[in-house]
Amino acid sequence: AVVSTQSTGESRVEQLNEISYRTPVIKLDDDKYKSFIRTMPRNYSIVVMFTALSPNRNCKICKEVHTEYTTLARSHRYSRSFNSDLFFTMVDYDGGAAIFQRLKLTSAPVILHFPASGKRKKEDKFDLERRGINAEAIAKWVKDRTDVAVEVIRPPNYTNAILLGVFLFAVSGTLLIKGNSLDFLYKWKYWAITSMFIMFAMTSGQMWLHIRGAPFAHVDRNTGRTSFIHGGSNMMFVAESYIIAVVNGVIALGFIMMADAPKDPTNLNSKYMSYGGLALVVVFFSILLAIFRMKHRGYPYSLLF
């Protein structure tokens, strides 16, 4: 009986090795889920992504997570350090609704780890909100759960090289057109505007989004409603960062209008400029507070909204 069990386990490993070589992310239906995951004992760990990739499900984040997950699975399967202690699989809702129900999963995407022995723990569920969706973050979690280190290998990305070339071309063209006149480099307004754009980008969370690989927005697959602002304090969307940057920019514009308004009390344009700047500050700072309250439910303060 022991020999039979061992041969059965080895047979399943051989099957997984063969399938994963063709498709690094193994698609599971109900039969394969029972065979490769529920049948014990297992001498290998399984990572499963539960997702909903069908276009009619309208799950944009599912596609984004699937891309990163596939990158991780390919890096593992085709690396020299590959071993049969770990396999990456997926269950699509349209082909595995029964599995979703069995595990009481009501949303997607979800990534779970099924250890080789013992029961699953709380830590065997990947926290998408806190860790982000990029392949490197998933690889770190996999290392924590399985002790298998996966070096993420991405295909070449020429975007940065193209952008650098465009930038150098623009700078060279500007210098060529301007000739010997470089006075514009000494104008403080150019540097002030550039600095403000950088500050608005950084304070809006662009660097955090770049590191975490957050989605642009979220579409509720049940109602079809699109959310541009995340309701939690530990996560944000790309669209949300754009909103924050614009709001901060308009507030700054309001202060500039009040500061630069002519100091002539008899000048109507001066009054309009001052009052307009004050209105922008009050209205858009109220919007900023309202967004903050959406993400921090217990925050008690507000202004206009």
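Two strands are taken to pair if DSSP finds at least two bridges between them. Helices (H or I, at least four residues) and strands (E, at least two) are DSSP runs, numbered from the N terminus. The model is predicted, with local features requiring pLDDT of at least 70 and side-chain atom pairs counted only at pLDDT 80 or more, whereas totals for chains, interfaces and linings use all residues. Residues are numbered from 1 along each chain as its sequence is written, and side-chain values use heavy atoms, with hydrogens and water left out.

Strand β3 (residues 86-92) pairs with strand β2 (residues 45-51) in the parallel sense over seven bridges. Strand β1 (residues 25-27) also pairs with β3 in the parallel sense, over three bridges. Within β3, Thr89 is the bridge partner of Ile26 and of Val48, and Phe88 is the bridge partner of Val47.

Burial was assigned from relative accessible area (buried under 20%, exposed over 50%, partly exposed in between; 1.4 Å probe, protein chains only). Because seven of the seven residues of β3 are buried, this strand is largely enclosed by the rest of the structure.

The axes of helix α8 (residues 188-203) and helix α10 (residues 238-260) come within 8 Å and cross at roughly 135 degrees. Axes are lines fitted to C-alpha atoms, for helices over the stretch in contact, and angles run from 0 to 180 degrees between N-to-C directions. In contact (heavy atoms within 4.5 Å) are Met196, Phe200 and Thr203 of α8 with Ile244, Ala245, Asn248, Gly249, Ala252 and Ile256 of α10. By class, this contact comprises six nonpolar, three polar and no charged residues.

Leu303 lies in the segment after α11 (268-295). At 47% relative accessibility, Leu303 counts as partly exposed. Leaving aside residues up to four places away in sequence, Leu303 touches Val282, Phe285, Ser286 and Leu289. The C-alpha atoms of Leu303 and Gln206 are separated by 27 Å, the two residues being 97 residues apart along the chain.

Conventions: Nonpolar A, V, L, I, M, F, W, Y, C, P; charged D, E, K, R; others polar.
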